[in-house]
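Please keep the sequence and the structure in view while reading.

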Amino acid sequence: KGLRKPSLEEVDHSRRAILTPSLFGSSLEEVMERQSELFPDRKLPWVQVQLSQYVLALGGAQTEGIFRVPGDIDEVNALKLQVDQWRIPENLSDPNVPASLMKLWYRELEEPLIPMSFYKQCVSNYDDPGAAISVVQSLPELNRLVLCYFINFLQVFAQPSNVAVTKMDVNNLAMVMAPNCLRCQSDDPRVIFENTRKEMSFLRMLIVHLDTTFVEGIV
């Protein structure tokens, strides 16, 4: 998808990917099953934790436009290759690269982070903090844990000291991140338009009100 031809490493990786499923485009269960051989004690997807930590380590919380400004497409593709081989390179300097790849991982999950069967509840409770939190508590355990880690991560960026630099307040965060965890099934443009606002509002409720302290320290 970049501007240059694929490298030999990328071609080779594509060949191997036929036999070794990617960490992208799989279900959470498949990712955890694949991971159990390498990291049997981890409770969260390695790819989620590594990319989140990488964004923070590169100063993403103090980078203007983080999550809104895309990373260089070729660098993102190169990082994706390495992540699919369970490796995180140490030569990156731009936090927008792991941030873009992290968004891609969430967006490409086979079943969205908040499963389709809960979608209607989410858009019905978009302005009620208590009801929104109840939806999260009723999710399957793996989805609940992964979502709470995701929200905990976004809460770092919602802190006023970070917003002052990133210009990404809770409304902006909800706007760019809602499509990565909720998926509207309708083809009707009016429904999509109306629900987009509700999806953003629902995610905003979680960033502002959900207590995610229990995930700190979990990997």
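The second largest pocket is lined by Ser 52, Gln 53, Leu 56, Tyr 149, Asn 152, Phe 153, Val 156, Val 215, Glu 216, Gly 217, Ile 218 and Val 219. The model is a predicted one, in which local features need pLDDT of at least 70, side-chain atom pairs count only at pLDDT 80 or more, and totals for chains, interfaces and linings use all residues. Residues are numbered from 1 along each chain as its sequence is written, and side-chain values use heavy atoms, with hydrogens and water left out.

On a 1 Å grid over the protein atoms alone, a pocket is an open set of points where a 1.4 Å probe fits, with protein on both sides within 12 Å along at least five of seven lines; lining residues have an atom within 4 Å of a point. The space in the second largest pocket is about 150 Å³, where a volume is the space filled by probe spheres set on the points, and points are joined across faces, edges and corners. At least two lining residues come from each of helix H3 (46-57) and helix H8 (141-157). Which helix gives the most to this lining? H8 does, with 4 residues. By type, the lining holds 7 nonpolar, 4 polar and 1 charged residues. Here Ala, Val, Leu, Ile, Met, Phe, Trp, Tyr, Cys and Pro count as nonpolar, Asp, Glu, Lys and Arg as charged, and the others, Gly among them, as polar.

For the protein as a whole, the secondary structure consists of 11 helices and 0 strands. Helices (H or I, at least four residues) and strands (E, at least two) are DSSP runs, numbered from the N terminus. The radius of gyration, taken over C-alpha atoms, is 17 Å, which agrees with the value near 17 Å for a compact globule of 219 residues. That rule is 2.2 Å times the number of residues to the power 0.38. Along the principal axes, the C-alpha atoms fill a box of roughly 50 × 40 × 35 Å.

Of the 219 residues, 48% are buried. Buried means under 20% relative accessible area, exposed over 50%, and partly exposed in between (1.4 Å probe, protein chains only). Among contacts (heavy atoms within 4.5 Å) between residues at least 6 apart in sequence, 79% join residues at least 24 apart.

Two residues stand out by their backbone angle phi. Most residues other than glycine have a negative phi.

| Residue | Phi | Place |

Phe 67 counts as buried because its relative accessibility is 2%.

Tyr 126 sits in the loop between helix H6 (119-124) and helix H7 (129-137). Its C-alpha atom is 5.5 Å from that of Lys 198, although 72 residues separate the two along the chain. Leaving aside neighbours within four places in sequence, Tyr 126 is in contact with Arg 197, Lys 198, Ser 201, Phe 202 and Met 205.

Asn 162 belongs to helix H9 (residues 160-166). Is Asn 162 buried or exposed? At 8% relative accessibility, Asn 162 counts as buried. Not counting residues up to four places away in sequence, Asn 162 touches Ala 61, Gln 62, Val 156 and Phe 157. Val 156 is also one of the residues lining the second largest pocket.

Val 208, in helix H11 (residues 189-209), is partly exposed, with a relative accessible area of 44%.
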